[in-house]
Amino acid sequence: MPESPLPFPVPGEPAPSAVARLRELGPVIPIELPGNVGVWAVTTHAAVAEVLAQDSKLFTRNPKHWSALHNGGVPSDWPMRPLVEGDHLQVKDGADHRRLRGLLSRAFTPSRVEMLTPRIEETVTELLDDVAAAGDGVDLVSAFTEPLPISVICELFGVPGPERSQIRSWSNVLISHTSTGEQAAAANGALLAFLAELVDRKRRDPGDDLTTELVRAHDEGDRLSDAELVSALWLMLIAGHETTVHLLGQAIVALCTHPEQRALAMAGNRWPQVVEETLRNRTSVIASPFRYATADAMLAGVRIPAGDALLLCYGATGTDTEQYGPAADRFDIMREQTGHLAFGYGPHFCIGAPLARLEGRIALSALFTRLPDLRLAIDADHIPYSPSFITYGPLTLPVSLA
């Protein structure tokens with residue numbers, strides 16, 4: 001283990017390589033994030049699982065327990081502050097977390113998610129019509145992997161079509177580790193203002209969407225505060241599309257660079273396996289900020305002082321040879337899935353997991369059925385990826401159709 005914190009991320013180093021490098025140094029490593037903010041990187045499957053097993057107990061999502069956030073250790077203009085502060089589901093534990101999760105989970109019950117199938121299929125068909133019309137050189141990110149998840153989550157929450165691209169722009173700024181504090185604060189302020197206006201709009205003109213349901217829950221009782229209402233929308237709209245955009249992109253790259261796996265998927269209609277192996281081997285969530293130690297703790301043999309922050313490096317867990325064997329790096333849809341951590345587990349298990357899986361299965365099946373000769377138009381090593389150590393996926397994906 002290094003004696004002093006290692007800088008993370010390193011400019012020019014792909015995020016998956018960076019977390020894998022940290023994993024080789026140890027299961028719990030001190031690192032320094034941009035802005036000179038020190039945290040612990042938790043890198044192995046076993047160590048991350050150990051933290052999750054103590055979620056809401058020894059380790060918490062509530063930032064009030066992060067000493068550096070309150071004693072000056074974290075700069076006031078730190079770009080990641082909007083992600084770790086607020087009043088949303090991801091920074092709550094215990095009864096508050098269960099109350100908010102109970103409200104939001106209405107959108108993601110198995111029956112409600114399955115009811116979205118026809119609309120997802122319709123949207124996929126429309127997008128693929130445009131992809132086919134554009135022809136060789138079309139960018140699948142801007143034409144397919146971005147608009148599908150954005151469309152689905154925005155329809156669920158009643159965001160009109162013309163306003164959806166702006167949500168993606170704000171999300172990109174908030175997730176990127178290259179954003180300045182000023183840029184992140186401006187994007188966050190604009191997004192919160194938009195959501196407050198959306199709430200007012202749904203109050204005046206209710207619709208058949210989850211925002212209207214949340215407004216109704218707020219107005220008819222004391223279960224949801226004003227701040228919680230807007231923050232819930234903030235989290236659902238960002239998390240509800242960001243990771244699925246990259247899940248689709250990562251799966252497309254994997255299948256285009258592993259033709260034998262693509263052939264297996266197409267021959268056996270193995271799209272659920274494609275989704276699960278992508279989640280394991282190429283998860284779009286590289287790291288999750290943050291958990292905080294509520295008391296002095298031992299984690300994988302390392303002492304974590306109370307008040308310290310932990311960065312859970314999910315991107316390192318899926319290729320951990322201790323968990324998945326010597327061929328952990330290999331993309332293999334026929335692999336027996338023993339339980340990856342891409343969606344976490346425990347009380348903070350990803351509430352949108354059923355929807356992400358459904359979108360992945362439908363989108364990938366339709367794409368490769370409609371365009372069986374699809375191939376990358378550039379070398380895979382030249383694909384640009386998102387400048388973020390939180391989520392990771394292709395920024396552009398030019399392809400040839402035949």
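Visitor: What does 24% relative accessibility make E163: buried, exposed or partly exposed?
Guide: Buried means under 20% relative accessible area and exposed means over 50%, with partly exposed in between (1.4 Å probe, protein chains only). E163 has 24% relative accessibility, so E163 counts as partly exposed.

Visitor: What kind of model is this?
Guide: Residues are numbered from 1 along each chain as its sequence is written, and side-chain values use heavy atoms, with hydrogens and water left out. Local features need pLDDT of at least 70, side-chain atom pairs count only at pLDDT 80 or more, totals for chains, interfaces and linings use all residues, and the model is predicted.

Visitor: With which residue does E163 form a salt bridge?
Guide: A salt bridge puts a side-chain nitrogen of Lys or Arg within 4 Å of a carboxyl oxygen of Asp or Glu. Here the closest N and O atoms are 3.3 Å apart, and the partner of E163 is R201.

Visitor: How many residues apart in sequence are the parts that E163 and R201 tie together?
Guide: Helices are DSSP runs (H or I, at least four residues), numbered from the N terminus; strands are E runs of at least two. E163 lies in the loop between α9 (147-157) and α10 (164-175). R201 sits in helix α11 (residues 181-204), so the parts tied together are apart in sequence by 38 residues.

Visitor: Are E228 and K92 buried or exposed?
Guide: Their side chains meet in a salt bridge (3.5 Å, N to O). The pair links distant parts of the chain, 136 residues apart: E228 in helix α13, K92 in the loop between α4 (81-84) and α5 (94-104). Both residues are buried.

Visitor: How many salt bridges does the whole structure hold?
Guide: Another pair is R112 and E213, at 3.1 Å, N to O. A search of the whole structure gives a total of 23.

Visitor: How much space lies in the largest pocket?
Guide: A pocket is an open set of points on a 1 Å grid over the protein atoms alone, where a 1.4 Å probe fits, with protein on both sides within 12 Å along at least five of seven lines. Points are joined across faces, edges and corners, and the volume is the space filled by probe spheres set on them. For the largest pocket, that is about 590 Å³.

Visitor: Which residues lie nearest the centre of the largest pocket?
Guide: Lining residues have an atom within 4 Å of a point. The largest pocket is lined by 23 residues, and nearest its centre lie P16, Q250, R282, Y385 and Y392.
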